[in-house]
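Please look at the structure below and follow the explanation with it in view.

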Amino acid sequence: MTGVRAWRLALGVAGVAAVLFGLRGLLTGGPATDWPVTATWLLAGVLVHDLVVVPVVAGVGWLLARWLPEGVRPVVRGGLVVAATVTVVALPVLNAPGDPRNPSLMPLDYPRNLAVVLGVVGAVTVVLAVHRRWRAGRAAGPRAGAG
Amino acid sequence: MRLRLDRPLPAPPDALRRGPLREDAFSSPVHDPTVTARLGRWLGIAFATCFVTGLISHYIQQPPSWLTVPSRPVWGYRVNQGVHVATGLACVPLLLAKLWSVAPQLWVWPPVRSVLHAIERLSILVLVASAVFELVSGLLNVVQWYPWPFFFPRTHYYVAWVAIGSIVLHVAVKAPAIATALASRPSPERRTFLFGVAAAVATVTVVTVGQTLRPLSSLALLAPRRPEVGPQGLPVNRTAAAARIDPVGPDYRLTVAGPRPYELSLAELRALPQHDAELPIACVEGWSATGRWRGVRLRDLLEQAGAPAGSRVRVSSLERDGLYRESVVDAAHSADGLTLLALELNGAALTPDHGSPVRLIAPNRPGVLQTKWVVRVEVL
């Protein structure tokens, strides 16, 4: 067995051991880890990702490929990555019940703040996309004239 | 006879290959190993950071007998937990982008090539489920939203072992593919995608990290806390109302139980030598804020009770129930001159939400162990 193979095998064994330690803790934790509920949440996360997130991203990607000129597609894709993930991170502060007795918990106007952040992300994306088109146009321009 | 786990299994009939299972049902330029390997490298580093800081926090809160937690640096727990939560938030764009870069694997044909392939897909299921669980449960915990019956810290802790274990296993399985993919440079379009993910990480960080990094506080547009917002200019985790604490009357006494036990009224406590300490409240939920505290040194109280320097003590609250109604102060913290039973915060007497009449405040200690509404100090 070569050194690299031994190293990979050791890593794999360590990984499996950690997984088993975690699973044992979940299964023997009683109500503190409530394994049927935890298992449901674990599976629900995968299902939401595979059945909601992936189709939505694929749909947006399809529209992107259909409607946008090829040159600006990468920039718009990047802008959408930023906007989408910031929105996901904001979901808890937008939806959590909070505690009326504790005004220091989630003290801000989050819908407004998210709109501000998305506005900035959108503006930066448009500027970068226009800049790309302009640069591409300038690069193509003289060549067309010379022909 | 050797068991051949990689022997091909019979493929399902092609008639089943419909919808997203069609060949090239959806292609994207970012579905590429050069992208996956780079995102995987960042994500691996981020998850490892989360795991280590999470483990440190776990052991500080529940120290095993072999571990003595130092009381310095003063900002230790603050940085640890700030990094833990900030890195966890940064994982959201990284994980989503990483999973998208390998999305075609979801509808790969045939779904199962061999027993070995089935085991690998099962291990990926465990990896994705545990990674998503850690991020979702962490995101909900920082806004104190618990739509589940289990105890968050313990479940988050054990699922973390499952997540880090399946990541380590995944790296071991994929090592050759990772090495190949990292050796070749992504195309310009793919580099733009990676740049977009980096911009997403930067944006998520900038709009949240001000909850612990005071200079960036005004940019923390989406953080659940602001370090300067709260009674007396400091956030509160558990309010007096939530803890069902009534204001104390003139019959309040602080009991110090040791070799020479005694009781102190509030007036007697105020008459003792007062000391100042500038210390952060650093919450497990990732926010932190510095306060100027004033009160009696714990070690002075213990000395008066005839307890040897560096005694372990239990500090109890007026709270009748609740997980954090008492906490243990170990040797390093009880001997530290910065550990106070504080009566004042930022120049005024403590308000009920900050633990009036007296609260514990010690350096390098999680906020949940800075016991409020203290009524008893007991030498162990």
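The model shown is predicted. In it, 59 residues of chain A are in contact with 71 residues of chain B. The size of an interface is often given as the accessible area lost when the parts come together. Between chain A and chain B, about 5500 Å² is buried, and carbon and sulfur atoms give 79% of that area. Across this interface there is 1 salt bridge, in which the side chains of A:Arg77 and B:Glu189 meet at 3.2 Å, N to O. On the side of chain A that touches chain B, the elements giving two or more residues are α1 (3-28), α2, α3 (73-95) and α4 (110-146) of chain A. The interface also holds 12 residue pairs in polar contact.

Attention now turns to B:Val236, which lies in the loop between α5 (188-206) and α6 (240-243) of chain B. B:Val236 is buried, because its relative accessible area of 1% falls under the 20% limit. Beyond its neighbours within four places in sequence, B:Val236 is in contact with residues including A:Asn102, A:Ser104, B:Trp287 and B:Asp353. The C-alpha atoms of B:Val236 and B:Asp353 are separated by 6.7 Å, although these residues stand 117 residues apart along the chain.

The elements that give two or more residues to the nonpolar patch are α2 (35-67) of chain A and α3 (115-141) of chain B. The largest share, 7 residues, comes from α2(A). A:Leu47 belongs to helix α2 of chain A and is partly exposed, with a relative accessible area of 47%.

Terms used
Residues are numbered from 1 along each chain as its sequence is written. Chains are lettered from A and ligands numbered from 1 in the order in which they are written. This is a predicted model: local features need pLDDT of at least 70, side-chain atom pairs count only at pLDDT 80 or more; totals for chains, interfaces and linings use all residues. Side-chain values use heavy atoms; hydrogens and water are left out. Helices (H or I, at least four residues) and strands (E, at least two) are DSSP runs, numbered from the N terminus. Buried means under 20% relative accessible area, exposed over 50%, partly exposed in between (1.4 Å probe, protein chains only). Contact means heavy atoms within 4.5 Å. Buried area is the accessible area (1.4 Å probe) that two parts lose on being put together, summed over both. A salt bridge is a side-chain nitrogen of Lys or Arg within 4 Å of a carboxyl oxygen of Asp or Glu. A polar contact is a pair of N or O atoms within 3.5 Å; within protein, one must be able to donate a hydrogen and the other to accept it, and residues adjacent in sequence count only if both atoms are side-chain atoms.
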